[in-house]
Amino acid sequence: MPGPADAVEEKELTRLAQRIFGPADQRQFASVSGDQNPIHVDALSARRTQGGAPVVHGINLLLWSFDSLASALLDLPPLRSFSAKFSRFVYLGEQVELRLVQQEPHCSRLSFSVDNDIRSEIAIEFGDPERHLPPWVDRSLAPQSPASAALDPSLEQIAERGGNLAFCMTTEQAATLFPSAARWLGVRRIMSLAASSYLVGMVCPGLHSLYSELSIETCPDSDALDFLAYRVSKTYPRLRLVKQEIAGGGITGTVTCFVRTPPAQQATMESLAGLVDPAEFTGSVALIVGGSRGLGELTAKLIATGGGRVLITWQSGSEDAERVAREIRSAGGACATLAYDAQKPAEEQLAGLAHVPTHAYYFATPPIFRSQAELFSRERLKEFLAIYVEGFWQLSQALRARCPELSMFYPSSVAVAERPRGMTEYSMAKAAGEILCADMNVSLAPMRVIAVRLPRLPTDQTASVTAAKFADPVDTMLPIVREVQSWPR
Amino acid sequence: MNNDDDRLMNCFLTIFPGTTRDEIKGSKFEDLPGWDSLRGVTLLAVLDDEFGVQMDMDELLELGTFDAIERQFARAR
């Protein structure tokens with residue numbers, strides 16, 4: 001049975017490196033690889049993706065892993081092949097730990113994790129290369145120069161894609177950024193792997209891509225290619241999954257990626273016009289916290305369509321809020337915008353209101369879906385409670401002081417009863433919010449709070465890679481808005 | 001196990017490397033180490049490649065276990 005000394009040795013053997021990737025790392029890899037996909041480099045756009053915030057390039061993590069491995073184990077045999085699965089996002093600011101899970105003469109396995117939550121795994125085989133250049137590679141095609149904006153082809157267009165991509169990364173950059181990996185693999189393989197990030201993030205599938213897996217064999221025949229050749233080998237439109245073959249710079253293999261569903265678009269003012277009487281909400285002033293997108297945006301449009309004055313708040317997406325306000329005003333509605341942070345005192349932020357809100361809708365939320373190793377995280381619960389309970393309470397008190405007959409909406413969730421996996425803290429916080437609402441209705445009349453357990457609706461928060469079944473947002477929200485607006489009677 | 005069952009098991013072992021046959025046979029998909037929706041989709045693609053079967057995620061989760069898929073495939077043969 002291993003004793004404490006063995007445990008220490010084992011720990012030292014398995015932990016290869018730790019690193020926190022910051023914005024500067026992100027910009028640097030985006031620049032040298034050419035992969036400037038917004039999910040990596042644009043915080044505002046990334047918050048509307050499945051990641052919810054900028055995520056580290058999978059290939060940057062992979063190359064860092066190889067560099068760390070080659071730095072720690074100096075006499076590594078030649079690489080024959082490897083496969084990497086990028087299972088879960090790694091976010092900026094998270095401490096990533098690289099572990100050597102298995103080390104044998106002919107193979108190694110690596111994993112990187114955050115707080116013991118495994119985000120990616122890499123399986124490596126050592127040995128002499130055996131693969132030859134695949135016959136589909138067309139050397140006569142001129143390599144395409146790097147694009148500055150991510151392409152956005154349809155799934156049908158993706159199925160026919162192929163070509164040659166010029167390397168964006170230089171030999172000097174490869175040798176400087178990943179020196180140990182470059183000595184082990186050769187700079188051209190580094191450049192080629194970086195080019196696969198550019199391929200997925202910028203070209204095919206491009207804008208709405210997600211790099212999922214990579215299976216590579218070393219291939220000396222392709223070493224002479226100064227570009228990365230690619231062709232889509234199979235698409236699974238039902239699954240939004242794409243497989244591509246790649247070759248160049250000393251490697252050949254298969255890339256598996258997803259075509260993410262684009263950000264959810266809410267109904268337009270024009271489409272709502274026939275659903276609401278133009279005078280239905282006249283005379284009301286509705287404050288909509290989180291009205292710049294998602295259900296908040298839809299609620300604002302429904303009320304404005306009915307003649308109500310709306311004030312939408314935003315925390316980081318002022319451009320989104322202005323876009324919604326412009327659309328409402330263009331349709332003849334009244335809409336103003338306000339910067340508001342649900343974690344800061346409400347009173348100060350509402351001090352300059354031109355109109356006293358008679359109704360309030362509270363859609364403030366932190367990112368809901370985050371991967372974690374343990375069932376329960378105290379910090380996650382605190383994060384949810386701060387917004388779903390404390391922030392709501394603060395706002396209600398600040399508004400009630402101005403309008404005692406205030407009518408408020410609290411969006412709870414079916415998760416409170418259904419308990420989907422990985423949503424323990426979220427469900428707990430929403431349940432606590434429901435209790436607060438119920439007690440407010442008992443003790444704080446004439447104000448009233450309507451709390452409804454919403455089904456899964458298409459918003460940025462619920463975006464998934466694959467097609468998911470959603471309730472209709474207008475059918476769900478319109479009766480709620482009518483109920484909230486009906487108070488005071 | 002017949003040949004088709006072996007092919008099915010190999011599909012699972014491809015998607016869940018490091019998992020034993022017994023773990024795969026005895027667990028719900030969602031309890032397998034490393035399960036997440038992306039891995040589920042990748043499993044669907046592998047089943048499509050290997051058997052030409054086109055399932056969606058809801059159908060997969062409704063079946064729930066390797067044994068249930070095995071029975072479903074046996075009925076279809």
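Over how many bridges do strand β4 and strand β5 of chain A pair? The pairing of β4, residues 107-114, with β5, residues 117-126, extends over eight bridges, and its sense is antiparallel. Within this pair, Phe112(A) is placed opposite Ser120(A) of β5(A).

For chain A the average pLDDT is 93, and 96% of the residues reach at least 70. An exception must be mentioned: across residues 1-12 of chain A the pLDDT is below 50, and this stretch has zero contacts in the model beyond near neighbours in sequence. Where pLDDT is low, the predicted coordinates should not be read in detail.

In chain A, ten strands form an open sheet with antiparallel pairing, and their order is β1-β3-β4-β5-β2-β7-β10-β9-β8-β6. The edges are held by β1 (15-20) and β6 (162-166) of chain A; each has a single partner strand, so one side of each is left without a neighbour in the sheet. From one strand to the next, the twist averages 20°. Helix α9 of chain A, residues 187-203, lies across β2, β6, β7, β8, β9 and β10 of that chain, and runs at about 150° to β7(A).

Lys85(A) is part of strand β2 of chain A. Is Lys85(A) buried or exposed? Its relative accessibility is 16%, under the 20% limit, and therefore Lys85(A) counts as buried. Residues touched by Lys85(A) in chain A include Ser120(A), Ser212(A) and Glu213(A), while among those in chain B are Thr14(B), Ile15(B) and Arg39(B).

Lys85(A) also leads us to the cavities. Which residues line the largest cavity? Among them are Lys85(A), Phe86(A) and Ser87(A), together with Asp36(B), Leu38(B) and Thr42(B). The element that gives the most to this lining is α3(B), with three residues; β2 and β7 of chain A each supply at least two.

Finally, I turn to a helix. Glu434(A) is located in helix α16 of chain A, residues 424-443. With a relative accessibility of 19%, Glu434(A) counts as buried. Beyond its neighbours within four places in sequence, Glu434(A) is in contact with Tyr410(A), Ser412(A), Val416(A) and Arg453(A).

Notes
Residues numbered from 1 in each chain as written. Chains lettered and ligands numbered in written order. Predicted model: local features only at pLDDT ≥ 70, side-chain atom pairs only at ≥ 80, totals over all residues. Heavy atoms only, no water. Pairing = 2+ DSSP bridges. Helix = DSSP H or I, 4+ residues; strand = E, 2+ residues; numbered from the N terminus. Axes fitted to C-alpha atoms, helices over the stretch in contact; angles between N-to-C directions. Contact = heavy atoms within 4.5 Å. pLDDT = per-residue confidence, 0-100. Buried < 20%, exposed > 50% of the residue type's maximum accessible area, 1.4 Å probe, protein only. 1 Å grid on protein atoms, 1.4 Å probe; cavity = no way out; pocket = protein on both sides within 12 Å on 5 of 7 lines; lining within 4 Å.
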